[in-house]
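Student: I would like to learn how to read a model like this one, feature by feature. Could we go through it together?

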Amino acid sequence: MKFFIDTANVDEIREAASLGILDGVTTNPTLLSREKGKGDFKDILKEICEIVKGPVSAEVVGQDADTMVEEARKLAAIDEHIVIKIPLIKEGLKAIGRLKAEGIRTNATLVFSANQALLAAKAGASFLSPFVGRLDDASHYGMDLIRQIVAIFDNYDFDTEIIVASVRNPLHVVEAALAGADVVTIPFKVIEQMIKHPLTDVGVKRFLDDWKKLGAKI
Ligand code: G3P
């Protein structure tokens, strides 16, 4: 299972990379807008690629296939690790197929149904991103969709990797792993929550206190 971090914040990405668990990064226009004032977005994406040296998703904003493909070429030119995020709309599907023919990897985003996932895979997306948190917000079990897509993909030999996105809490990560998703993209805060366990903290303190009693040095 691969772990991506869902942020455009370079400090968070450096910190996550230092943990030795980071395989890639996903950004989107909202996440990049949070970095406003910290430099040109292309420089930020380049720096992210140099840190992670794995797939880094950057999203197009054009609404027709021609514009999406044009934007995708510019984004892909930033670094070899850039993967182009394309919304799963009709024009997006067209763009995914055209970019595949050009050898540019894509991540079909804003996926909310098994049919959209099937279409992304058929079109040749390298990744697809179902948004579990936003489904939960709309009173649907987001993880049910992940289980459906994993089951469907198990029936065929699609190359498309499933990225569990819009992750809001550590249980989403556990459920993504149980479902057999290829990738989970996790906000920095949730990575920190995954590390923490109160019994670990209590245990560390107790061992330290007892070691002090021994009065020895390692
Ligand atoms: O990876 C997609 C993610 O950034 C969306 O998350 O929390 O805005 O639904 P959220």
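Predicted model: local features only at pLDDT ≥ 70, side-chain atom pairs only at ≥ 80, totals over all residues.

Tutor: Gladly! Residues are numbered from 1 along each chain as its sequence is written, and side-chain values use heavy atoms, with hydrogens and water left out.

Student: Where does histidine 172 lie?

Tutor: Histidine 172 belongs to helix 9, which spans residues 170-179.

Student: Is histidine 172 buried or exposed?

Tutor: The idea is a cut-off: buried means under 20% relative accessible area, exposed over 50%, and partly exposed in between, with a 1.4 Å probe and protein chains only. Histidine 172 has a relative accessible area of 5%, so it is buried.

Student: What does histidine 172 touch?

Tutor: Contact means heavy atoms within 4.5 Å. Not counting residues up to four places away in sequence, histidine 172 touches Val132, Gly133, Asp136, Met143, Ser166 and Val167. There is a polar contact to look for too, that is, a pair of N or O atoms within 3.5 Å; within protein, one must be able to donate a hydrogen and the other to accept it, and residues adjacent in sequence count only if both atoms are side-chain atoms. Here the side chain of histidine 172 reaches the backbone nitrogen of arginine 168 at 3.0 Å.

Student: Which residues surround the ligand?

Tutor: For this, a residue is near a molecule or strand if one of its heavy atoms lies within 4 Å of it. Around the ligand you find Asp6, Asn28, Leu31, Lys85, Phe131, Arg134, Ala165, Ser166, Arg168 and Thr185. On its own the ligand has 310 Å² of accessible area, and the protein covers 82% of it. Such areas come from the Shrake-Rupley method with a 1.4 Å probe; for residues, only the protein chains shown count as cover.

Student: What is the phi of serine 166?

Tutor: Phi of serine 166 is near 60°, a positive value in a residue other than glycine. Serine 166 sits in the loop between strand 7 (161-164) and helix 9, and its relative accessible area of 10% makes it buried. Lysine 53 also has a positive phi, near 50°, in the loop between helix 3 and strand 3 (56-59). Lysine 53 is exposed, with a relative accessible area of 59%.

Student: Now for helix 1: which of its residues are buried?

Tutor: In helix 1 (residues 10-18), the buried residues are Val10, Ile13 and Ala16. They are on the same side of helix 1 because they cover an arc of only 125° around the axis. That arc is taken from the directions from the helix axis to the C-beta atoms. Asp11 and Ser18 are exposed on the other side.

Student: What do the buried residues of helix 1 pack against?

Tutor: Their packing partners are strand 1 (2-6), strand 2 (24-26), helix 3 (41-52) and helix 10 (188-195). Take isoleucine 13 as a case: its relative accessible area is 0%. Leaving aside neighbours within four places in sequence, isoleucine 13 is in contact with Ile5, Thr7, Ala8, Leu22, Val25, Ile48 and Ile51. At the start of helix 1, a side-chain oxygen of asparagine 9 comes to within 3.0 Å of the backbone nitrogen of aspartate 11. Just after helix 1, glycine 20 has a positive phi of about 75°.

Student: How do strand 4 and strand 5 run?

Tutor: Two strands pair if DSSP finds at least two bridges between them. Strand 4 (residues 82-87) and strand 5 run parallel, joined by four bridges. Strand 5 (residues 106-111) is mostly covered, with five of its six residues buried.

Student: And how many helices and strands are there in the protein chain?

Tutor: The protein chain has eleven helices and eight strands, and of its 218 residues, 46% count as buried.

How values were computed
Helix = DSSP H or I, 4+ residues; strand = E, 2+ residues; numbered from the N terminus.
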